[in-house]
Amino acid sequence: MAKKKVDAKYAAECRKFLAEVSAQPDVREVSQGVLMKYIEQGTGEVCPRANNVVTVKYRGTLIDGTEFDSNMNDGYRAAFRLKDLIVGWQIVLTQMVAGDKVMVYIPSEMGYGDRREGNIPGGSALIFEIHLEYRYLSV
């Protein structure tokens, strides 16, 4: 089976979108092109580490607003081992404390890259609203 190529026009739109977001005064680059904007700052004092399990509420969308994943309205929190997440989430979550709510803009290279993942086309920039809710468990 031949590997499907990334839509070059779509990938360019994603890069342009991220460049526009990065120019906003309240958005900062955390690392490796990953951008973050605080919606609400938490009161926690310790940032999670790679071996921690984090508990979050989140919503993920594409640059056109298409939602591909969310637990914001289902009443449940998601628990993830930090080191098992996409690199973009790892970068941001290690900068957050409990109670932080942020918007995160992740270039494809720090997300799923050129591969298609479910409803997410290859080359996609990813947008997440993330609320880090609880303390972190080490495993």
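Predicted model: local features only at pLDDT ≥ 70, side-chain atom pairs only at ≥ 80, totals over all residues.

Next I looked up the surface. The protein exposes about 8,200 Å², and carbon and sulfur atoms supply 48% of that area.

Then overall dimensions. Along the principal axes, the C-alpha atoms fill a box of roughly 45 × 40 × 25 Å. I checked the radius of gyration too: the protein has 15 Å, which agrees with the value near 14 Å for a compact globule, because that is what 139 residues would give.

Secondary structure: I find two helices and eight strands. Reading from the N terminus, the order is α-β-β-β-β-β-α-β-β-β.

On to the largest nonpolar core, which has 36 residues. Which of them touch the most other members? I get Val56, Trp89, Leu93, Ile106, Phe128 and Ile130. Elements that each supply at least two residues of this core include both α1 (8-22) and α2 (87-93), along with strands such as β3 (52-61) and β7 (126-132).

I zoomed in on Ile130. Leaving out residues up to four places away in sequence, Ile130 touches Val56, Lys57, Tyr58, Trp89, Leu93, Met96, Asp100, Lys101, Val102 and Val104.

Last entry, charges: I count 18 positive and 18 negative side chains, with the centres of the two sets 4 Å apart.

Notes
Residues numbered from 1 in each chain as written. Heavy atoms only, no water. Core = buried A, V, L, I, M, F, W, Y, C linked by side-chain atoms within 4.5 Å. Buried < 20%, exposed > 50% of the residue type's maximum accessible area, 1.4 Å probe, protein only. Helix = DSSP H or I, 4+ residues; strand = E, 2+ residues; numbered from the N terminus. Contact = heavy atoms within 4.5 Å. Rg over C-alpha atoms; globule rule 2.2 N^0.38 Å. Areas by Shrake-Rupley, 256 points an atom, 1.4 Å probe, with all protein chains shown as cover. Lys, Arg positive; Asp, Glu negative; His and termini not counted. Charge placed at Lys NZ, Arg CZ, Asp CG, Glu CD.
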